[in-house]
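User: I've got a new chain to look at. Can you walk me through it?
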Amino acid sequence: MIKAASVLALWLLLGLGRWNPSIAGELPNGVAEVTTKYCCQCHDADTKEGKLDLTSLSFDPIQRVNFDTWVKVFDRVSKGEMPPKGELLPSENEFSRFQQSISDSLISAERARVATEGRSTQRRLNRFEYENTIRELLQAPGLQLKDLLPEDGEAYHFNKVGDALDMSHVQIARYLAAAEYALRQVTANSTAQP
């Protein structure tokens, strides 16, 4: 019974979410040519202007960080900030093909993410929510679990932001241990029949 409840508690912790594997792909058509010809002199492994290495950056918009990086690249090029003045500039045809290709790819990746995950980031329960959920499930209002669990990450001074609520093997072990502790606390300890 304890193992089944531990699995249930872990499932609740993860928010009943589905895991979506990331699939890294090649750069969209027209993007590789422009970045290689006009960008990689300054944004390569050695120079890394702006802490950006386009030679090793894959196109994997399923990953949020990768998606955000490509959006920044698109924005800087679209605003005319890159390539900088005095550098070789792409032709109108190359520029429009680059913009259209990367724009279409990012929009389709965002639409696919919204279709599968919704607009908000999936997140696990923070330690206060987890404690309250276990209290409610086990009908044990005095149960104290949050001090058994690791501190939650914060983003923008909130501990309920999905991007800050990561999950490590240590946290999984602590949450499972807390679930087993909770089950032991609510299980009757007396040997006499009620």
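Analyst: One term to start: helices here are DSSP runs of H or I, at least four residues long, numbered from the N terminus. Note too that this is a predicted model.

User: Okay. Where is His 43 found?
Analyst: His 43 sits in the loop between α2 and α3.

User: Buried or exposed?
Analyst: His 43 counts as buried, because its relative accessibility is 12% and the cut-off for buried is under 20%.

User: What does His 43 touch, leaving out residues up to four places away in sequence?
Analyst: Its contacts are Glu 49, Leu 52, Asp 53, Leu 54, Thr 55 and Met 82.

User: Zooming out. How many helices and strands are there?
Analyst: The protein chain has 6 helices and 0 strands. From the N terminus, the order reads α-α-α-α-α-α.

User: And how much of the chain is buried?
Analyst: Of its 194 residues, 33% count as buried. The chain exposes about 13000 Å², and carbon and sulfur atoms supply 55% of that area.

User: What share of the contacts links residues 24 or more positions apart?
Analyst: Among contacts with a separation of 6 or more, 66% are of that kind.

User: Which residues touch the most other members in the largest nonpolar core?
Analyst: That core has 17 residues. Leu 54, Trp 70, Val 73, Phe 98, Ile 102 and Leu 106 touch the most other members.

User: Which helices supply at least two residues each?
Analyst: α2 (31–39), α3 (64–78) and α4 (92–117) do. α3 gives the most, with 5 residues.

User: Pick out Leu 106. What does it touch?
Analyst: Leaving out residues up to four places away in sequence, Leu 106 touches Phe 59, Pro 61, Phe 67, Trp 70, Val 71 and Phe 74.

User: Let's do α5. What span should its 12 residues have?
Analyst: Helix α5 covers residues 127–138 and should span 16 Å, because the rule is 1.5 Å a residue. Its end C-alpha atoms are 16 Å apart, which agrees.

User: What goes on at the start of α5?
Analyst: A side-chain oxygen of Asn 126 comes to within 3.2 Å of the backbone nitrogen of Phe 128. Just after α5, Gln 139 takes a positive phi of about 50°.

User: Which α5 residues are buried?
Analyst: Arg 127, Glu 129, Tyr 130, Glu 131, Ile 134 and Arg 135.

User: How long is α6?
Analyst: Helix α6 (residues 169–186) has 18 residues and reaches 26 Å from first C-alpha to last, close to the 26 Å expected. Its buried residues are Gln 171, Tyr 175, Ala 178, Ala 179, Glu 180, Ala 182 and Leu 183.

User: Last one. What is the mean pLDDT?
Analyst: The mean pLDDT of the chain is 81, and 84% of residues reach 70 or more. Over residues 4–24 the pLDDT is below 50. Beyond near neighbours in sequence, that stretch has 37 contacts in the model.

Conventions:
Residues numbered from 1 in each chain as written. Predicted model: local features only at pLDDT ≥ 70, side-chain atom pairs only at ≥ 80, totals over all residues. Heavy atoms only, no water. Expected span 1.5 Å × (residues − 1). Buried < 20%, exposed > 50% of the residue type's maximum accessible area, 1.4 Å probe, protein only. Polar contact = N/O pair within 3.5 Å; in protein donor to acceptor, adjacent residues only side chain to side chain. Contact = heavy atoms within 4.5 Å. Areas by Shrake-Rupley, 256 points an atom, 1.4 Å probe, with all protein chains shown as cover. Core = buried A, V, L, I, M, F, W, Y, C linked by side-chain atoms within 4.5 Å. pLDDT = per-residue confidence, 0-100.
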